[in-house]
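Q: Got the model open. Can we walk through it, starting with one of the loops?

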Amino acid sequence: MDRKAPKPPNDEVVSWRQSLKKLLECKTGQLAFREFLKTEYSEENILFWLVCEEYKTITSNTEMAEAAKRIYTEFVQVDAPRQINIDCETRQEITNSMSQPTLSCFDKAQRVIYKLMKKDSYPRFLKSEIYQALLEPSDAS
């Protein structure tokens, strides 16, 4: 499962320093950040953020209801397998919306998690061995 992926181009890796947004726009950036978050036992943050991005593209009400339930069960409810760190008020708002979920029902929680990653995990990622190793030139001279 954790196969060695091909190393992304150096200019791409360097661009991840610009912002968390820039990092998350890139599939290889997402994978590298996820690997780092695993080491910090906070992988649920990026998984939740990514699933919310996907959720916002749903067009069918039936599919939306099913996806909302899966996200709620996996990440939001108390004692969820990958419970995210959000305040009680936000958690309750989501719980209340589960009877009739909307495309925006996870937006507030997604913003909270994004800010958490941006403030805490992202700066540490930029200093991490995982990121530094990707920065190293492939052909050391």
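Q: Where does Asp-79 sit?
A: Asp-79 is in the loop between α5 (61-76) and α6 (88-97). Helices here are DSSP runs of H or I with at least four residues, strands are E runs of at least two, and both are numbered from the N terminus. This is a predicted model, where local features need pLDDT of at least 70, side-chain atom pairs count only at pLDDT 80 or more, and totals for chains, interfaces and linings use all residues. Residues are numbered from 1 along each chain as its sequence is written, and side-chain values use heavy atoms, with hydrogens and water left out.

Q: What is the phi of Asp-79?
A: Near 70°, a positive value in a residue other than glycine.

Q: Is Asp-79 buried or exposed?
A: Asp-79 counts as exposed, because its relative accessibility is 67%. The cut-offs: buried is under 20% relative accessible area, exposed is over 50%, and partly exposed is in between, with a 1.4 Å probe and protein chains only.

Q: And Tyr-41, what about its phi?
A: Tyr-41 also has a positive phi, near 55°, and is not a glycine. Tyr-41 belongs to the loop between α3 (27-39) and α4 (43-55). Its relative accessibility is 73%, so Tyr-41 counts as exposed.

Q: Let's do α5. Which residues of α5 are buried?
A: Met-64, Ala-67, Ala-68, Ile-71, Tyr-72, Phe-75 and Val-76. Seen down the axis of α5, they fall within an arc of 140°, so they line one face of the helix. That arc is taken from the directions from the helix axis to the C-beta atoms.

Q: Why would a spacing of three or four places point the same way?
A: An α-helix has 3.6 residues a turn, so residues at that spacing point the same way.

Q: What does the face of α5 turned away from the buried side carry?
A: The exposed residues Thr-62 and Arg-70.

Q: What covers the buried residues of α5?
A: The cover includes α4 and α6. Contact means heavy atoms within 4.5 Å.

Q: Which residue caps the N-terminal end of α5?
A: Ser-60 does, with a side-chain oxygen 3.3 Å from the backbone nitrogen of Thr-62.

Q: Now Phe-106. Where is it?
A: Phe-106 is in the loop between α6 and α7 (107-127). Phe-106 counts as buried because its relative accessibility is 2%.

Q: What is Phe-106 in contact with, leaving aside neighbours within four places in sequence?
A: Phe-48, Cys-52, Tyr-55, Ala-68, Ile-71, Tyr-72, Val-76, Ile-94 and Met-98. Ala-68, Ile-71, Tyr-72 and Val-76 are among the buried residues of α5. Phe-48 is 58 residues from Phe-106 along the chain, and their C-alpha atoms are separated by 9.6 Å.

Q: Switching to aromatics. How many pairs?
A: Nine aromatic pairs. Rings of Phe, Tyr and Trp (its six-membered ring) pair if their centres lie within 6.5 Å; planes under 30 degrees apart count as stacked, over 60 as edge-to-face and the rest as tilted. Phe-33 and Phe-36 are a stacked pair, 6.5 Å centre to centre with 20° between the planes. They are three residues apart in helix α3, so about one helical turn separates them.

Q: What about Phe-125 and Tyr-131?
A: Their ring centres are 5.3 Å apart and their planes are at 50°, so that pair is tilted. Phe-125 counts as buried because its relative accessibility is 0%, and Tyr-131 is buried with a relative accessible area of 1%.

Q: Which residues form the aromatic cluster?
A: Trp-16, Phe-33, Phe-36, Phe-125 and Tyr-131 form one cluster.

Q: How many disulfides?
A: Zero in the whole structure. A disulfide needs two cysteine sulfur atoms within 2.5 Å. The closest cysteine sulfur to that of Cys-88 is in Cys-105, 18 Å away, too far for a bond. Cys-105 is in no disulfide either; its nearest cysteine sulfur, in Cys-52, is 8.2 Å away.

Q: Overall picture, then: how many helices and strands?
A: Eight helices and zero strands. The C-alpha trace spans about 60 × 30 × 30 Å along its principal axes. Of the 141 residues, 39% count as buried.

Q: Which residues does the UniProt feature "domain: RGS" cover?
A: The unreviewed UniProt entry places it at residues 19-135. UniProt positions are in the numbering used here, feature names are shortened, and annotations may be inferred rather than shown by experiment. That span is 73% helix and 0% strand, and its end C-alpha atoms lie 16 Å apart.

Technical notes. A polar contact is a pair of N or O atoms within 3.5 Å; within protein, one must be able to donate a hydrogen and the other to accept it, and residues adjacent in sequence count only if both atoms are side-chain atoms.
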